[in-house]
Amino acid sequence: MGRIFEVRKHTMFARWDRMAKQFTRIGKEIAIAVKAGGPDPSTNPALRRCFQNAKSVNMPKDRVEAAIKRASGKEMENFDEILYEGYGPNGVAILVETATDNHVRTVANLKAIFNKGNGTLGNSGSVSFQFKKMGVFKLKPEGLSQDDLELELIDAGLEEMGEGTGENGEPVLVIRVAFNDFGNMQKALEEKNITPISAEVEWIPGTTVQLGEEAAQEVLKLVDKIEQDDDVQKVFHNLQ
């Protein structure tokens, strides 16, 4: 089993700013999960996934509990999940997942960021066809027989398994399934008493673009600016 394909990662803004952004992102995910399935994690698998992801970024327990409490309140904001598509410098495809209570503000902000970064915000469908929407689970490899696990998870929809890296560059075991099999894989791992480090829905590029370092940094600078917008949840691209 080899190393699983990953696009280029970057850490362009300060650690504490990045941590705050991650907490905000997961707080919105909690709000969406609670609205859809209620505040009880035992009956809400989406909320259990949020708990795993909160733990993976060291989000304090009191902040998680506060997010659930806010999501259960009558005054909770309603977030719409909207996918925006565009191109960065040198033709790099970019997908932007947002959770917003004001899509007019969001699209205006993204247009400005793309334009300033020598990119173009496109129409729906202009970029997404180059990506595949998949469930991505990251596991601690210790104590796991990768070959055995691969065979055991095929019935749950396993498409890819390989070695990857976590948030801090640590080795992890990466599992990918088609988006429609996300729930099946989550259930299969729970039945095996395997708690993922994280369980996310990601857009995986079918092909990648390779650029020189200077051109690549121009793209990553744009990605960084997009990620810092308050309405943005995740950014995906096909830069190798």
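Modeller: Helices here are DSSP runs of H or I with at least four residues, strands are runs of E with at least two, and both are numbered from the N terminus. An axis is a line fitted to C-alpha atoms, for helices over the stretch in contact, and angles run from 0 to 180 degrees between N-to-C directions. The model is predicted, so local features need pLDDT of at least 70 and side-chain atom pairs pLDDT 80 or more, while totals for chains, interfaces and linings use all residues. Residues are numbered from 1 along each chain as its sequence is written, and side-chain values use heavy atoms, without hydrogens or water.

Take helix H2 (residues 45-56) and helix H6 (residues 182-191): their axes come within 11 Å and cross at roughly 70°. That makes H2 roughly perpendicular to H6 (65 to 115 degrees; under 35 is roughly parallel, over 145 roughly antiparallel, the rest oblique). The crossing is left-handed, meaning that the near helix is turned anticlockwise from the far one by less than a right angle; clockwise is right-handed. H2 brings Pro45, Arg48 and Arg49 to the contact, and H6 brings Phe182, Gln186 and Glu190 (contact means heavy atoms within 4.5 Å). By class, 2 of these residues are nonpolar, 1 is polar and 3 are charged.

Helix H4 (residues 103-116) and helix H7 (residues 213-227) pack at about 160°, with axes 10 Å apart. H4 is therefore roughly antiparallel to H7, and their crossing is right-handed. Leu110, Ile113 and Phe114 of H4 meet Leu222, Lys225 and Ile226 of H7.

As for the domains, the assignment (automatic or from a database) gives domain 1 (3-72), domain 2 (80-129 + 206-237) and domain 3 (131-203). The centres of domain 2 and domain 3, taken over C-alpha atoms, are 26 Å apart. Their contact takes 11 residues from domain 2 and 5 residues from domain 3. Over residues 80-239 the chain is 29% helix and 36% strand, with 28 Å between the end C-alpha atoms.

Key. Ala, Val, Leu, Ile, Met, Phe, Trp, Tyr, Cys and Pro count as nonpolar, Asp, Glu, Lys and Arg as charged, and the others, Gly among them, as polar.
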